[in-house]
Amino acid sequence: MKNIKKFICLLIMTVLITPSIAIAEDTYSGYFNNEEITMFADTSVKISENEKSAVEDIISDLNNLKTESDIQKYNIPLDNIQELIDSLPKAIQYEHPELFYVNLRQFSYKTADGQTISEIMIKDPFTMKKTK
C-alpha cells in the first residue's frame, strides 16, 4: 500500500511538472535557434537585408562612440525611415547588449536626393561618459 501511494504521488507530480517542462523547452529551444529569434525577431518590424546591414553599420558606429552614420550606400527609401529607426533598439537589445548605455530617443536623418536616406544622426545617445 505504501508503495502504491508513492507511485501515485510520483505519477501526479510527473503529470503536473511535464507541461511546464514542455513549455520551458519550447521557450529555450526557440530562443537559441538562430532561425527563429534573430536580431530582428520582432514580427512587427520587417526590414530588408540592406536595412539590416545599415542597422549593423549604425550599431558599429555607436560602438565606436560615433553619433552619425553614413548609410547612403544602402539606398534605403525615405519611406522606410520608421522601420529602420524601430529596428535599432531591438537590434541592440538582442544582438548587442554590451551597448546597454546607448539611449535611442532622438533621431534625425539627411537625404541627398530627397528619396533615400544618406545619414542617420542620434542625438545624445550615450548615457555614460568615457573614462581614461
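Residues are numbered from 1 along each chain as its sequence is written. In this predicted model, local features need pLDDT of at least 70 and side-chain atom pairs count only at pLDDT 80 or more, while totals for chains, interfaces and linings use all residues; side-chain values use heavy atoms, with hydrogens and water left out.

**Stop 1: a nonpolar patch**

Select Met1, Ile4, Phe7, Ile8 and Ile12. They make a nonpolar surface patch of about 560 Å². Patch residues have over 30% relative accessible area and no salt bridge; nonpolar side chains (Val, Leu, Ile, Met, Phe, Trp, Tyr) are joined within 5 Å, like charges within 9 Å. A salt bridge puts a side-chain nitrogen of Lys or Arg within 4 Å of a carboxyl oxygen of Asp or Glu. Areas come from the Shrake-Rupley method with a 1.4 Å probe; for residues, only the protein chains shown count as cover.

Now pick Ile8. It sits in helix α1 (residues 2-32). Helices (H or I, at least four residues) and strands (E, at least two) are DSSP runs, numbered from the N terminus. Ile8 counts as partly exposed because its relative accessibility is 42%. Buried means under 20%, exposed over 50%, and partly exposed in between.

**Stop 2: the aromatic cluster**

Select Phe100, Tyr101 and Phe126. These form one aromatic cluster. The whole structure has 2 aromatic pairs. The ring centres of Phe100 and Tyr101 are 5.6 Å apart with planes at 85°, so this pair is edge-to-face. Tyr101 and Phe126 have ring centres 6.3 Å apart and planes at 35°, so they are tilted. Rings of Phe, Tyr and Trp (its six-membered ring) pair if their centres lie within 6.5 Å; planes under 30 degrees apart are stacked, over 60 edge-to-face, the rest tilted.

Tyr101 lies in the loop between α3 (81-95) and β2 (106-111), and Phe126 in the segment after β3 (117-123), 25 residues apart. Phe100 is exposed at 61%, Tyr101 is buried at 16%, and Phe126 is partly exposed at 24%.

**Stop 3: Ile71**

Go to the loop between β1 (68-70) and α3 for Ile71. Is Ile71 buried or exposed? It is buried, at 0% relative accessibility. Its contacts (heavy atoms within 4.5 Å) beyond four places in sequence include Ala54, Ile58, Leu84 and Ile117.

Technical notes
Buried means under 20% relative accessible area, exposed over 50%, partly exposed in between (1.4 Å probe, protein chains only).
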